[in-house]
Amino acid sequence: MTGTPHDTAAPAVPPTTRPERLVHLLSRRRYAFLALTVLVTICLGVVGVGVFGKLSGGGWTPDDSDSARADSLLREHFRSGSPDLVLLVGAPGSVDQPQAAAAGRRLTERLRHDTRVRHLDSYWPEGDPALVSRDRRTALISLRLRGGEHATTAAAEDIRRETATGAAPLKASAAGRAVAKRDLERQSRHDLVRAELIAAPLVLLILVWIFGNMLSALLALSVGGIAVVGTLALLHALTGFTQVSVFAVNLTTALGFGLAIDYGLFIITRHREELAAGREVRQAVLVSVRTAGRTVFFSALTVTLSMAALLVFPLHFLRSLAYAGMSVAALAGLTAVLVLPVCLLVAGDRVVGRRGPSPSAGVDGGRGLFHRTARTVMRLPVLTVVLVVPVLLCLAIPFQRVEFGLSDDRALGAASPVHRATDVMRDDFGTQATSMANIVLPGLTGTPSRSLDDYARQVSRASHVLRVDTATGSYAGGRQSAPPAAASARFSGPAGGWLSVVTDAEPFSVEGGELVRALRAVPAPGPALVGGDAAALADTRAVVGDRLGPAAAIIVFVIFTLLFLFTGSILVPVKAVLLNLLSLTATFGAIVHVFQDGHLRWLVGDFLVTGTTDTLLPVLMFCIAFGVSMDYEMFLLSRIMEEHRRTGDTGSAVAYGLEQTGRLFTAAALVLAIAMAAMATSPLTPLKLLGVGLTLAVVLDATLVRMLLVPAIMKLAGRANWWCPRSLRRVHARFGVSETEAGEAIPGVPGARGTSPGGRTSGELPPDVTRV
């Protein structure tokens with residue numbers, strides 16, 4: 001059989017559904033449409049490249065939180081707060097030696113007159129003891145820079161480069177959030193290239209192995225390429241309106257290629273089956289669009305809406321990742337159901353390859369691995385559940401001891417110069433250099449000094465507080481000492497005043513949280529805003545805790561509703577949600593065991609153990625994994641439902657469905673796992689955690705859940721799988737869909753009306769379903 005003659009033949013019956021009509025319309029101008037697709041993709045690629053350099057390394061804290069407002073007031077009105085750049089200036093002997101001190105003063109004066117610098121604190125010339133190391137070989141110059149995030153990161157990078165070569169005989173290294181963000185962006189871009197170099201060849205080899213055909217593999221890859229390029233262009237446009245995280249690009253490529261190849265696999269596999277069954281090319285394409293295309297549409301919609309749940313969090317980090325995930329899932333779905341069918345029409349039967357699929361022999365003739373697995377599981381369903389569920393619960397146990405934190409310089413990895421410089425600050429300087437909190441009092445003007453003194457004394461008695469500096473003096477353990485030099489000008493002004501709190505608690509630790517709670521519990525003489533890294537973590541945890549319930553409710557509602565519309569069943573969506581929660585909890589437990597407790601580091605690549613788990617990454621994993629797992633659920637259910645409508649036998653339908661899709665979703669899971677595992681090769685701990693976590697989630701879902709628990713539970717449920725109350729059955733009849741809707745003829749496919757041998761149409765209930 002040749003592909004091209006059949007392409008020009010008109011279908012026996014005009015297309016009846018919207019996707020078919022659209023594909024039919026596009027196929028009439030197929031070459032022009034494909035040329036336009038290539039041209040648009042190239043243009044989007046040119047636009048998308050511009051997103052690099054406009055990405056943000058922040059967005060982890062709510063803009064309207066107390067900590068963010070405190071930091072903003074400190075920067076705008078008091079020339080204080082967390083520095084953008086800290087220069088660690090070392091001397092061979094001592095920073096107090098005449099030659100070193102003279103060079104330090106020259107460097108300080110040069111930076112003080114730099115137009116990019118808003119304010120600086122230097123060891124020279126005042127000799128502040130808080131800004132020199134214990135061995136007096138290293139001194140600090142702390143700088144706050146002008147401009148927004150991108151301006152400060154660019155200025156910090158330039159100053160770091162200038163001082164590294166122009167401070168002789170002193171040697172300078174850099175720390176601070178601005179250079180950390182710049183290194184984060186640079187490393188993220190480097191990791192993106194490396195991940196694609198690792199994943200792309202492996203994915204192509206797997207696709208060639210699956211299809212036995214290079215053309216089919218390239219078509220599946222092209223779906224991912226279009227989706228990723230379009231999403232990068234959208235992210236570039238979004239940078240003009242909001243912060244877009246550096247991790248959005250990494251997520252786009254990993255998730256985009258994973259999902260798009262899943263969708264391409266499903267449609268191309270169904271198309272090849274129809275060709276092998278004797279369909280002409282156009283007929284095979286239309287059947288694939290009506291069946292597999294409909295499943296792909298629902299899968300893409302599920303992932304898109306699952307990612308949309310991240311929008312309930314007022315955090316630029318999560319929202320930008322939501323935009324990336326929603327866009328790439330939607331574009332992957334649209335490309336798979338619009339562009340790919342036209343490509344298949346042009347390719348003809350050349351997609352079959354040397355070892356194309358044989359026509360399905362039906363469930364009775366199935367002798368494959370997945371068919372035998374399903375039959376074995378359904379013979380012992382109770383034993384399967386009793387063995388598998390405890391395994392998942394054991395994996396979930398470590399999640400009980402999770403301690404949430406936020407990423408700091410340690411996320412960059414041990415080899416990062418910024419991390420090494422910050423470690424020197426932690427080890428060689430007093431806590432004032434690294435562990436500080438700030439209390440801003442916007443209404444301080446006119447407040448009696450006695451009230452401020454009493455407040456400062458109470459703050460100094462709080463747990464983990466070593467000293468409190470104010471405009472009226474310093475307080476340690478409730479005792480006042482002489483006021484610091486120029487304290488009145490430094491700690492007070494027309495916008496109010498602030499207190500500097502020196503602490504022995506690490507900001508992103510349990511003790512840091514206790515410190516913030518203690519500071520906020522002290523009665524203040526007016527409105528008080530607690531700022532600093534520890535307060536930022538507390539505010540982030542609070543907003544995540546407040547919004548986690550609504551986000552989870554949105555995801556559960558979306559998945560339940562879409563699966564109900566897809567299947568017309570009540571039990572199947574409930575089963576899917578519960579199994580997803582079980583496998584995700586197991587994944588979170590494994591993440592805590594590895595990344596928080598530090599076990600098995602050799603298996604996932606070395607990283608720095610901080611004793612905490614990033615607060616935001618489990619939320620992100622929850623939304624992504626919940627959506628992706630529904631891909632495999634719908635792939636499997638589509639074939640189970642198809643066979644169940646034909647025979648009415650749940651056991652046979654499950655075995656048939658697993659036989660027809662087991663190899664497919666296993667391959668899809670392998671492709672997605674490779675994309676995520678490539679992301680885990682990054683030395684950046686957040687990317688490594690996300691890659692490892694999503695890889696494990698995909699593997700657990702495709703093996704223990706989809707191959708074992710789903711057949712076992714569906715066998716135990718029996719006819720209850722398809723039960724639906726009368727009222728909801730009417731809802732499904734009006735709004736729901738099925739793989740082949742009742743009474744619809746497939747154009748050009750004689751006799752294909754979704755009827756069983758017994759004459760029952762696909763819209764009718766099978767004989768083993770009791771009407772309610």
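Predicted model: local features only at pLDDT ≥ 70, side-chain atom pairs only at ≥ 80, totals over all residues.
How many cavities of 30 Å³ or more does the count come to? The count comes to six.

Two packed helices are described by the angle between their axes and the distance between the axes. Here the pair is helix H20, which covers residues 571–596, and helix H22, which covers residues 617–647. The angle between them is about 135°, and their axes lie 10 Å apart. The crossing of H20 past H22 is right-handed.

Which residues make this contact? From H20 come Val 572, Lys 575, Ala 576, Val 577, Asn 580, Leu 581, Leu 584, Thr 587, Phe 588 and Ile 591. From H22 come Pro 618, Met 621, Phe 622, Ala 625, Phe 626, Ser 629, Met 630, Glu 633 and Leu 637. Sorted by class, the contact between H20 and H22 holds 14 nonpolar residues, three polar ones and two charged ones.

The largest cavity holds about 210 Å³ of space. Its lining is made up of 17 residues, and those closest to its centre are Ser 407, Thr 610, Thr 612, Asp 614 and Thr 685. Strand E13 (613–614) and helix H24 (685–717) each give at least two residues to this lining. H24 provides the largest share, with three residues. By class, the lining of the largest cavity consists of nine nonpolar, five polar and three charged residues.

The second largest cavity has about 120 Å³ of space. Its lining has 16 residues, and Ala 625, Val 628, Ser 629, Ala 697 and Val 698 lie nearest its centre. Two or more lining residues come from each of H20, H22, helix H23 (650–679) and H24. Which helix gives the largest share of this lining? That share, six residues, belongs to H22. The classes here are eleven nonpolar, four polar and one charged.

The helix pair and this second cavity can be read together. H20 and H22 pack against each other, and both also supply residues to the lining of the second largest cavity. Ala 625 and Ser 629 of H22 take part in the contact with H20, and these two residues are also among those nearest the centre of the second largest cavity.

Methods
Residues numbered from 1 in each chain as written. Heavy atoms only, no water. Axes fitted to C-alpha atoms, helices over the stretch in contact; angles between N-to-C directions. Helix = DSSP H or I, 4+ residues; strand = E, 2+ residues; numbered from the N terminus. Left-handed = near helix turned anticlockwise from the far one by under 90°. Contact = heavy atoms within 4.5 Å. Nonpolar A, V, L, I, M, F, W, Y, C, P; charged D, E, K, R; others polar. 1 Å grid on protein atoms, 1.4 Å probe; cavity = no way out; pocket = protein on both sides within 12 Å on 5 of 7 lines; lining within 4 Å. Points joined across faces, edges and corners; volume = space filled by probe spheres on them.
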